[in-house]
Amino acid sequence: MEPPVTTAEPAVTVVEITDLSAAMAGIELIRMDGVQLQSMPLRARRVIVRLDSAVVVFHSTNRRVRTRTSVREGLLAYVTYGPQADGTMNGLPVRPGMMLAAEPGAEAGFVANAGWESITILLPLQDMAAHLAGRQREEEFRLPRGVEILQADADKARGLFDWGKRLVDIAARQPSLFNEKNQARSAAQVELLETLLAAIGTARDFEPTRSDRTRQTHNLIVKIAEDHAVSNMADQPHVTDLCRAAGVSERTLQNAFMEVMGLTPVAYLIRVRLHRARRALLAATQGSTTVSVEALNWGFWHFGEFSRAYKKCFGELPSDTLRRTPGELER
């Protein structure tokens with residue numbers, strides 16, 4: 001497994017995300033797809049610090065967003081959350097001491113509310129297995145299967161988040177410390193591993209309550225409906241299609257969407273169509289399309305209402321987006 005850091009990429013990357021169309025900018029280690037669930041301009045941030053073979057990723061947002069995130073093959077992921085983080089992961093509310101562990105290729109669904117902060121630690125599966133074997137702790141730790149929720153000691157989990165936040169804050173202020181000095185990356189990785197093992201060493205399997213299991217069921221319903229909607233958005237799916245895909249009644253679908261996303265299924269479909277229209281406008285070359293053409297392509301026949309909804313969501317008119325040159329999206 002080659003270390004994620006190569007000469008082709010800096011050790012430190014800072015991305016100011018004003019549009020979820022740019023959510024993948026600057027990161028090759030995870031796949032992320034997202035929908036902004038609240039109107040008004042988005043101000044999200046990602047800081048990536050690549051160490052010797054491990055990577056630390058910080059995320060924050062000022063608006064409620066829904067993301068589906070999967071880990072690159074060959075990498076384990078551990079996620080811990082800031083003290084003010086408010087949201088859900090796989091339908092369960094984030095709580096003190098709660099962590100997420102994911103095997104390579106696994107996907108997790110997040111709803112992050114304003115004020116959300118998280119630290120994701122990515123490291124090669126072979127590295128973790130080798131450290132556990134060298135410490136004769138293979139029996140103590142079980143590598144995750146799929147996506148697993150862990151309940152760790154709250155102080156240890158907070159310590160892991162605080163350590164990661166200190167790292168990304170220093171790296172964002174002084175990127176040359178890590179971009180130019182292998183010793184700094186190596187020293188930070190040693191500390192990272194010790195802090196991570198201390199946190200997950202206290203963790204136990206999460207035991208959901210009855211209400212948690214209901215939330216997980218609702219999350220699964222939304223995931224199935226979401227997959228169907230995203231895969232068939234060009235055909236402008238109806239709520240009926242989502243009910244059929246999930247195998248549930250309209251009332252059950254409505255309740256699930258409201259609990260997981262805080263939106264009705266109709267509002268969710270409109271929001272996804274707005275994002276698709278924006279993506280098309282951002283990708284357009286001069287003279288290749290018009291606002292009205294893209295509005296119609298994504299199911300908006302009333303151009304005035306489309307423009308108002310678009311501006312409310314993204315903070316600019318669709319005509320302003322179209323005037324941008326490709327790749328001009330602010331970061």
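1. Helices H5 and H7 are roughly perpendicular to each other, a term that covers angles of 65 to 115 degrees, whereas angles under 35 degrees count as roughly parallel, over 145 as roughly antiparallel and the rest as oblique. This is a predicted model, in which local features need pLDDT of at least 70, side-chain atom pairs count only at pLDDT 80 or more, and totals for chains, interfaces and linings use all residues. Residues are numbered from 1 along each chain as its sequence is written, and side-chain values use heavy atoms, with hydrogens and water left out.

2. The two helices, H5 (residues 210-231) and H7 (residues 250-260), pack at an angle of about 105 degrees, and their axes are 9 Å apart. The axes are lines fitted to C-alpha atoms, for helices over the stretch in contact, and angles run from 0 to 180 degrees between N-to-C directions. Helices (H or I, at least four residues) and strands (E, at least two) are DSSP runs, numbered from the N terminus.

3. Which residues of H5 and H7 meet? From H5 come Arg215, His218, Asn219, Ile221, Val222 and Ala225, and from H7 come Thr252, Leu253, Asn255, Ala256, Phe257, Glu259 and Val260. The residues of this contact of H5 with H7 divide into 7 nonpolar, 4 polar and 2 charged. Here Ala, Val, Leu, Ile, Met, Phe, Trp, Tyr, Cys and Pro count as nonpolar, Asp, Glu, Lys and Arg as charged, and the others, Gly among them, as polar.

4. Asn219, in helix H5, is buried, with a relative accessible area of 9%. Buried means under 20% relative accessible area, exposed means over 50%, and partly exposed lies in between (1.4 Å probe, protein chains only). Leaving aside neighbours within four places in sequence, Asn219 is in contact with Arg66, Asn90, Gly91 and Val260; contact means heavy atoms within 4.5 Å.

5. Asn90, one of the contacts of Asn219, lies in the loop between E7 and E8. Its phi is near 50 degrees, a positive value in a residue other than glycine. Is Asn90 buried or exposed? Asn90 is buried, at a relative accessible area of 19%. Gln136 also has a positive phi, near 55 degrees, and is a residue other than glycine. Gln136 is placed in the loop between helix H1 (125-134) and strand E12 (147-151), and at 71% relative accessibility Gln136 counts as exposed.

6. An open sheet of 5 strands runs in the order E2-E5-E10-E7-E8, with antiparallel pairing. Its edge strands, E2 (30-36) and E8 (92-93), each pair on one side only. Two strands pair if DSSP finds at least two bridges between them. Strands E7 (residues 87-89) and E10 (residues 107-112) pair in the antiparallel sense over 3 bridges, and Gly87 has Ala112 in E10 as its bridge partner. Helix H5 packs on the sheet and touches E2, strand E5 (65-71), E8 and E10; the direction of H5 makes about 85 degrees with that of E5.

7. The next topic is the aromatic rings. A pair of aromatic rings is described by the distance of the centres and the angle of the planes. Rings of Phe, Tyr and Trp (its six-membered ring) pair if their centres lie within 6.5 Å; planes under 30 degrees apart count as stacked, over 60 as edge-to-face and the rest as tilted. By this rule the count comes to 6 aromatic pairs. One of them is Tyr81 with Trp116, an edge-to-face pair at 5.3 Å centre to centre with 70 degrees between the planes. Tyr81 lies in strand E6 (residues 75-81) and Trp116 in the loop between E10 and strand E11 (117-124), so the pair ties together parts that are 35 residues apart in sequence. Both Tyr81 and Trp116 are buried.

8. Trp116 also pairs with Phe110, edge-to-face, at 6.3 Å centre to centre and 70 degrees between the planes. Both Phe110 and Trp116 are buried. Phe300, Phe306, Tyr310 and Phe314 form one aromatic cluster.

9. Two further helix residues may be noted. Ala245 lies in helix H6 (residues 239-246) and is partly exposed, with a relative accessible area of 34%. Not counting residues up to four places away in sequence, Ala245 touches Ile224 and His228. Val272 lies in helix H8 (residues 265-283) and counts as buried at 3% relative accessibility. With the same exclusion of residues up to four places away in sequence, Val272 touches Val35 and Met233.
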